[in-house]
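These are my notebook entries on one structure.

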Amino acid sequence: MEAPAAKKMTVSDEVAIEIRGMNKWYGQFHVLRDIDLTVFRGERIVVCGPSGSGKSTLIRCINALEEHQKGSIVVDGTRLTSDLKNIDKIRSEVGMCFQHFNLFPHLTILENCTLAPIHVRKTPKREAIETAMHFLEKVKIPDQAGKYPGQLSGGQQQRVAIARSLCMKPRIMLFDEPTSALDPEMIKEVLDTMIELAEEGMTMICVTHEMGFAQAVANRVIFMADGQIVEQNEPTRFFNNPQSERTKQFLSQII
Ligand code: ADP
Ligand code: MG
């Protein structure tokens, strides 16, 4: 699909995420191999690759939803260890948005957005509500605040999920195929929300196969296969002149 051209976005030389020699196993299965990745503040990185290549696992390691066994991950200067204090700090700085929105079905949209700020961040309720309404306006559904997730379309629910993440004031957003469970007509409204975030300077890593989005918004595209980063480049070069056979084969299947 074609995404609208994003405005000029700048990348700083400040490191947001530093991954060095990172390996992860699920039991005997070596799922991530020698991952090296430096993400600078303001970068918009798109991660693509075949199913099972380890994209979700990589994303989940970055906010410590999964443990890694070798190498290091440093997020905003905090090294990820099994120390729970660190994990809380990382999770409060890194927002995550999944394919399935994972909203609480028995809570209203507003309550979904204020739950973590009130109970995890200890934000006063009034302030949490103000913040939630601010972000619901930003994703263009303030009028849905009193409804329950089941009353909203898939695209609206995903925008609530994004707003809910933003309510925690993250400095980094991770997206794992946020549009792949959506009907085609709803994909654009979610991508538009993500484009706006990018334009505001949010550091983002997005696993997605929306190559129009990658071309318009990403400053770097990473291709993964078999648990490794095979190739990475700025989008024009990545799409027009892929280097490895694996990348060429993948691109020929999806474009
Ligand atoms: P992708 O997101 O690129 O499709 P994943 O990171 O989900 O890939 O999975 C990478 C590989 O790890 C796949 O072979 C998958 O079956 C396996 N895997 C994922 N999660 C687990 C798990 N919790 N336990 C064991 N194997 C897993
Ligand atoms: Mg995945």
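Predicted model: local features only at pLDDT ≥ 70, side-chain atom pairs only at ≥ 80, totals over all residues.

Entry 1. I began with helix α3 and helix α5, the latter spanning residues 154–166. Which residues meet here? On the α3 side I found I109, N112 and C113, and on the α5 side V160, A163 and R164. Sorted by class, this contact of α3 with α5 holds four nonpolar residues, one polar and one charged.

Entry 2. I then turned to the geometry of this pair. Two packed helices are described by the angle between their axes and the distance between the axes. The axes of α3 and α5 come within 8 Å and cross at roughly 25 degrees. Angles under 35 degrees count as roughly parallel, and α3 is therefore roughly parallel to α5. I recorded the crossing of α3 past α5 as right-handed.

Entry 3. Next I examined α3 (residues 109–119) against helix α4 (residues 125–138). At what angle do they pack? The angle is about 130 degrees, and the axes are 9 Å apart. This angle makes α3 oblique to α4. The crossing of α3 past α4 is right-handed. From α3, the contact draws on I109, L110, C113, T114, P117 and I118; from α4, it draws on K125, A128, I129, T131, A132, F135 and L136. I classed the residues of this α3 and α4 contact as ten nonpolar, two polar and one charged.

Entry 4. I followed α5 onward to helix α6, which covers residues 184–199. The two axes come within 8 Å and cross at roughly 15 degrees, which means that α5 is roughly parallel to α6. I noted a right-handed crossing of α5 past α6. The residues in contact are G154, G155, Q158, R159 and I162 of α5 with M186, E189, V190 and T193 of α6. By class, the α5 and α6 contact has three nonpolar, four polar and two charged residues.

Entry 5. I looked next at ligand 1. Which residues lie around it? I listed Y26, F29, V31, G49, S51, G52, S53, G54, K55, S56 and T57. Three of these shell residues are nonpolar, seven polar and one charged. β2 (29–40) and α1 (55–62) each supply at least two residues of the shell. α1 gives the most, with three residues.

Entry 6. Finally, I consulted the UniProt record. Its unreviewed entry carries the annotation "domain: ABC transporter" for residues 17–251. In the model, the end C-alpha atoms of residues 17–251 lie 27 Å apart. This span is 39% helix and 26% strand.

Definitions and conventions: Residues numbered from 1 in each chain as written. Chains lettered and ligands numbered in written order. Axes fitted to C-alpha atoms, helices over the stretch in contact; angles between N-to-C directions. Helix = DSSP H or I, 4+ residues; strand = E, 2+ residues; numbered from the N terminus. Parallel < 35°, antiparallel > 145°, perpendicular 65-115°, else oblique. Left-handed = near helix turned anticlockwise from the far one by under 90°. Contact = placed C-beta atoms within 7 Å. Nonpolar A, V, L, I, M, F, W, Y, C, P; charged D, E, K, R; others polar. Near = placed C-beta within 6 Å. UniProt positions renumbered as here; feature names shortened; annotations may be inferred.
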